[in-house]
Amino acid sequence: MRINKFFCTAIAAAVASAIALTGCGGDGGSSGGKQLVRMSHSQIESHPDHIGLEAFKKYVESKLPDKYDITIYPNATLGANEKVLELIKQGSVQYLVVSTANIESFDKLYSLFSIPYLFTSESAFEKFITDPKTMEALSVNSKTNGFVPVASFTAGVRNFYSKTPIRSVADLSGKKFRVQAGPTNVAMMQAFGAAATPMSFGEVYSALQQSVIDGAENNELALTDQKHGEVTKYYTYDMHQMCPDLLVASNAFIDKLSPEDRKVFDEAAKEAEKAEFAAWHKAVDDAKAKATQMGVEFITVDVNEFRNKVLPLHQQLLDATPELKPLYEAAEAANQAG
């Protein structure tokens, strides 16, 4: 594992350095007279995120075959998402699929999705993240941020998985769990009585293996795609978060597109969204079946017991970030609509 990790890190550094040197000013460079467009994500090639980006690539290259050459970089080849966001802002990478939790430090509006138990159903969550009004609200600071969200990818429901079974909130007490970076996630784990350990997604397997952490929290695909089910044999449906992955575009790139080309790229983003959603639901079913064969036990718990522990965080977070209130109220409306 250490050799592979070192090798991947070296590749990421080399590629990122080359991009930084050749891709300044929002132009990805050229290949055979075509403009290069770089798209990054941190998942494997069979993941729905990658399938979504392949649909994007196919759409643009079919509509504008002589103008753009799109390259997809999976597996965090260009580095951790936080680092690639900086490349996005510079314009040396044009598109990135990134969890909203990774954007919180750039813009507090994205912390909305880290609020535990914000949504009461997955259907309400999916309707909310694909609503154009939601994307518009999230985009208000895009000029300052240097990037703008152009599509939402579902990442399902985040749940706990660990080396020991989590059947009640008490089972979390004193345990160390990996969470995505962000103060909301840390506060959530403290409310549960556990310790939060933020770290890069690529480091989780070895941290679990070496007992640096007792568990993590993510959707079912982490068990199989990242092999976490080899180390953790208990997956608990506490349903504490529903955080989308967003496809964000570099302002330095899209602001230079002609209206005609921008229309094609925006349409491609919607094609990517549709493809990712379709792939996601199938992938979850497949992951659960495969994880069961790996010996993972799926545990159903009293969700309200977990929810009640963290509900006080809602008002605390709204008081700390008042600009979240309109989006929070829109999410509540989505819950009411079902």
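Me: Where is the place of Tyr117?
Reply: Tyr117 sits in the loop between E4 and helix H4 (122-129). Helices (H or I, at least four residues) and strands (E, at least two) are DSSP runs, numbered from the N terminus. By the way, this is a predicted model, where local features need pLDDT of at least 70, side-chain atom pairs count only at pLDDT 80 or more, and totals for chains, interfaces and linings use all residues. Residues are numbered from 1 along each chain as its sequence is written, and side-chain values use heavy atoms, with hydrogens and water left out.

Me: Why does Tyr117 count as buried?
Reply: Buried means under 20% relative accessible area, exposed means over 50%, and partly exposed is in between (1.4 Å probe, protein chains only). Tyr117 has 5% relative accessibility, so it counts as buried.

Me: What is the phi of Tyr117?
Reply: Near 60°, a positive value in a residue other than glycine. Most residues other than glycine have a negative phi. Met239 also isn't a glycine, and has a positive phi of about 60°.

Me: Why does Met239 count as partly exposed?
Reply: Met239 is in strand E10. Its relative accessibility is 31%, so Met239 counts as partly exposed.

Me: Which residues does Asn159 touch?
Reply: Contact means heavy atoms within 4.5 Å. Leaving aside residues up to four places away in sequence, Asn159 touches several, including Glu217, Tyr235, Asp238 and His240. Asn159 belongs to strand E6 (residues 158-162), and with 0% relative accessibility it counts as buried.

Me: How do you know that E6 and E10 pair?
Reply: Two strands pair if DSSP finds at least two bridges between them. E6 and strand E10 (residues 234-241) are joined by 4 bridges and run antiparallel, so they pair. Tyr161 has Tyr235 as its bridge partner in E10. These strands belong to an open sheet of 6 strands, ordered E8-E7-E9-E6-E10-E12, with mixed pairing.

Me: Why is one side of strand E8 and of strand E12 left without a neighbour in the sheet?
Reply: E8 (195-198) and E12 (297-300) stand at the edges, each with a single partner strand, so one side of each has no neighbour there.

Me: Why is strand E11 called largely enclosed?
Reply: In E11 (residues 245-250), 6 of the 6 residues are buried, so the rest of the structure largely encloses this strand. Both faces are covered: Asp245, Leu247 and Ala249 are buried on one side, with Leu246, Val248 and Ser250 buried on the other. Strand E4 (residues 95-99) runs antiparallel to E11, joined by 5 bridges, and strand E5 (residues 147-153) pairs with E11 in the antiparallel sense over 6 bridges. Val98 has Leu246 as its bridge partner in E11, while Phe147 stands opposite Ser250.

Me: At what angle do helix H12 and helix H13 pack?
Reply: Axes are lines fitted to C-alpha atoms, for helices over the stretch in contact, and angles run from 0 to 180 degrees between N-to-C directions. H12 (residues 303-310) and H13 (residues 312-320) pack at about 35°, with their axes 5 Å apart.
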